[in-house]
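Hi,

Here is the structure for the aromatic contacts. Please look it over before reading the notes below.

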Amino acid sequence: MANLKEVRNRIKSVTSTQQITKAMKMVSAAKLKRATNAIIQLRPYASKLKDLLANLSASLEDNTSPYLQEREPVRVLVVVVSSNRGLAGAFNTNVIKTANNLIAEKYPKQLAAGNVSIVAIGKKAQEFYQRRKYNVIGNNNELYSDLNFENASKITEAIMQGFVNGDYDRVELVYNHFRNAAVQYLITEQLLPVPKPEKKEEAKAANVDYILEPSQQEIVEQLIPKNIKIQLYRAVLDSNASEHGARMTAMDKATENAGELLKSLKLSYNQARQAAITTELTEIVSGAAALSGGN
């Protein structure tokens, strides 16, 4: 009977867990809808702004913007966008692993010299790099509590100011790009200095005739900071949608696994109960036979 009690407790525990995972899946599904709408609405604007800036800057003979200055990457800043909470499968593990691989493969000398800094957006990345004694700048975990362009821009402005001041010579961005609830893929891109357009884009820019007011130089100088802010904001929105998609998928799988485990436990419980009943019947029959034999 002790075995039966143990199996009953396990069934109760798994049932409770299944209810929790099912509820978490439903919550993530609701949040995913809002997060998906936000990133889908921003993407066309961010993409068009990036293309427009590439076209304008490609046709400029001289651009003095400090955000375009190429320097030897002696000091590097890596912006890692994770989440504040876990239970999202390999979501956080993958983005941290990708950032680590980027540092190890592209900036091993800077890492050895202690010239790699981290800006973590999300508690999971913050805690990971702090435990490993990286130079983690600031605390941005509250961004997800009120995720909007203004709050994201504050982080971007601090990064841009650090680049202009020479605190770091290159800024890399690592985040999850949202495709759908089941698929997110990791993106690594250079945020600062703003990458120059490729040759194909330069050729395309030569065929675009803009009427500009005020001057082209002034417009580009205004667009570059805005574009940098938009690109970081887009990365955070992408990561936010990816997080909810990953958590919804993980909780759906956990609910299914709990169901399979319940089937197995109920089968074990029924077998144990049947065995206990059979044993009791055997003892009763044996006792009755013994009494009959004694008479």
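Phe 128, Tyr 129 and Tyr 134 are linked into a cluster by ring pairs. Rings of Phe, Tyr and Trp (its six-membered ring) pair if their centres lie within 6.5 Å; planes under 30 degrees apart count as stacked, over 60 as edge-to-face and the rest as tilted.

Two source notes. This is a predicted model: local features need pLDDT of at least 70, side-chain atom pairs count only at pLDDT 80 or more, and totals for chains, interfaces and linings use all residues. Residues are numbered from 1 along each chain as its sequence is written, and side-chain values use heavy atoms, with hydrogens and water left out.

The structure holds three aromatic pairs. Tyr 129 and Tyr 134 form an edge-to-face pair, 5.0 Å centre to centre with 85° between the planes. Tyr 129 is buried at 0% relative accessibility. Tyr 134 is partly exposed at 24%. (Buried means under 20% relative accessible area, exposed over 50%, partly exposed in between; 1.4 Å probe, protein chains only.)

Phe 149 and Tyr 233 also pair edge-to-face, because their centres are 5.6 Å apart and their planes at 70°. Phe 149 lies in helix H5 (residues 149-165) and Tyr 233 in helix H7 (residues 216-294), so this pair ties together parts 84 residues apart in sequence. Helices are DSSP runs (H or I, at least four residues), numbered from the N terminus. Phe 149 is partly exposed at 31%; Tyr 233 is buried at 13%.

Charges next. The charged end of Arg 132 sits over the Phe 128 ring, 3.8 Å from its centre. Arg 71 has its charged end over the ring of Phe 163, 4.4 Å from the centre. "Over" requires NZ of Lys or CZ of Arg within 6 Å of the ring centre and within 35 degrees of the ring normal.

Best wishes

Key:
Helices (H or I, at least four residues) and strands (E, at least two) are DSSP runs, numbered from the N terminus.
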